[in-house]
Amino acid sequence: MKWENHSSGNRLIDWLLRPASRPWQLVSLAVVLGICVSTSLRENWGSDNAFVVKAAETLLAGGSPYEDKRFLYLPSAVLMAVPEALLPTTVLRWCLPVAMSGLLGIGWLAALRMFSVPLRSRFAVVGFPVLALAYKPYVNLVLIGNWTAISAAALPVALLLAHRRHWGAAGLVIGLAIACKPMLVPVGLLFVFARRWRGLAAAVLVPLGLSLAGALLMPSPSLFFTKTLPFLLQGQDAYALPWDASPIAVLPRLGVPEPLAVAVAFAGAGAGLWAAWTRWRRPESAGGGGGRDETDGEELRLAETACMVMLAAFLVSRPSFDHYLLVVLPLLLASGVRPGSMPRSPWFWLALTPQVALVPWPSELAHKRRAFKDCATLCGLAILLARRALRSGRVTLEPVTTAGSPPRTEPECAATPAESASRTAF
């Protein structure tokens, strides 16, 4: 890959966009593989993935996967899990963490390419292992093998395709991810906003067709509607409650009446969807320097609209776990190379503080009460992104001097967008 000269006018960003040396590349690879090996050696590895593998084994044995109330995915996911069910446990123990890290890495690389960040840059090479070490939900996701990693890879890939005007392929990627785990269903709104009906059709028909095929191969597929869906809609049970970061689950644990908690969560989700629509209708201008063209902000609009939709959904999702934020975090972090983006604000990093590893939190916030920290991060990111999306398009008027006349203000030729109120964190 030819190295291009990227200049943003920011010394730190320019330094991060320079090529990483070979030793740094090797260190980064060693960090990621070290996390994979350490999780493979732990006794509780793959705990979430075990429910999916068990569902596939039940199907192969002639039973209904939905006899297990904790298998909450679509029938299509059973078909996707059959290859895992055919592998020995020893192979899964060593391959599953690598697969989880690989999927997260794909999402990171796709997010970087969307914002034209060189894949050999310091930002790309060092950023991923720093995320793996510093952000606790990363290790948690690799450990439990949850299929959230598929969504974390699919969303940046789909947005990259959409940015390159391949909306049909983007819909296909989203549809395959939904067939594995229906986490990216809210992203369908992005296709509606953009009026890309072919992509929306692919995102809907692919999981629908695969789910119908899976339902035809299993006995009693109606259990999904009579047993699994009601169990999911009521927020599962006490087993998931301690880790549920949704405000609907967290606020009652703090003494807020449940009806009020539900109202607050849905109000927040509604405001988030309005912010997403507002963000989509406000194209980004090219201002930012560096010789970029007028479409410079299109990828930022795509990323922030999609992330806002997902964060709004997480506010009312039952349950909503800490690793769900890994679906949007790579996109938000990669957008930091753009002036005025969320990572340029110190408030963004403050919102992520509850999830930083090695921070000595009180024992009351450890283990089964960590949902309080997870909820704080979720709500913080949602509020910050909504605030950015809903900010007004104010302009400032600069004096213009013409020959033979005193300085004056001319709105027609001198109106320029106001600087973002957020301070630079980079």
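## A first look around the core

Leu-155 touches Ile-174, Leu-184, Val-187, Ala-306, Met-310, Val-327 and Leu-331, leaving aside residues up to four places away in sequence; a contact here means heavy atoms within 4.5 Å. This is a predicted model, where local features need pLDDT of at least 70, side-chain atom pairs count only at pLDDT 80 or more, and totals for chains, interfaces and linings use all residues. Residues are numbered from 1 along each chain as its sequence is written, and side-chain values use heavy atoms, with hydrogens and water left out.

Leu-155 also belongs to the largest nonpolar core, which has 107 residues; Leu-155, Ile-174, Leu-184 and Leu-311 have the most contacts inside it. Such a core is a set of buried Ala, Val, Leu, Ile, Met, Phe, Trp, Tyr and Cys residues joined through side-chain atoms within 4.5 Å, and buried means under 20% relative accessible area (1.4 Å probe, protein chains only). Helix H15 (residues 298–316) gives this core its largest share, 11 residues. Helices are DSSP runs (H or I, at least four residues), numbered from the N terminus.

| Helix pair | Axis angle | Axis distance |
|---|---|---|
| H2 (residues 22–40) and H6 (residues 122–134) | about 25° | 9 Å |

That angle makes H2 roughly parallel to H6, a label for angles under 35 degrees. Axes are lines fitted to C-alpha atoms over the stretch in contact, with angles from 0 to 180 degrees between N-to-C directions. Among the residues making the contact are Trp-24 and Val-31 of H2 and Phe-128 and Leu-133 of H6.

Finally, Asp-68 sits in the loop between helix H3 (49–60) and helix H4 (75–85). Asp-68 is buried, at 17% relative accessible area.

Definitions and conventions:
Helices (H or I, at least four residues) and strands (E, at least two) are DSSP runs, numbered from the N terminus. Buried means under 20% relative accessible area, exposed over 50%, partly exposed in between (1.4 Å probe, protein chains only). Angles under 35 degrees count as roughly parallel, over 145 as roughly antiparallel, 65 to 115 as roughly perpendicular and the rest as oblique.
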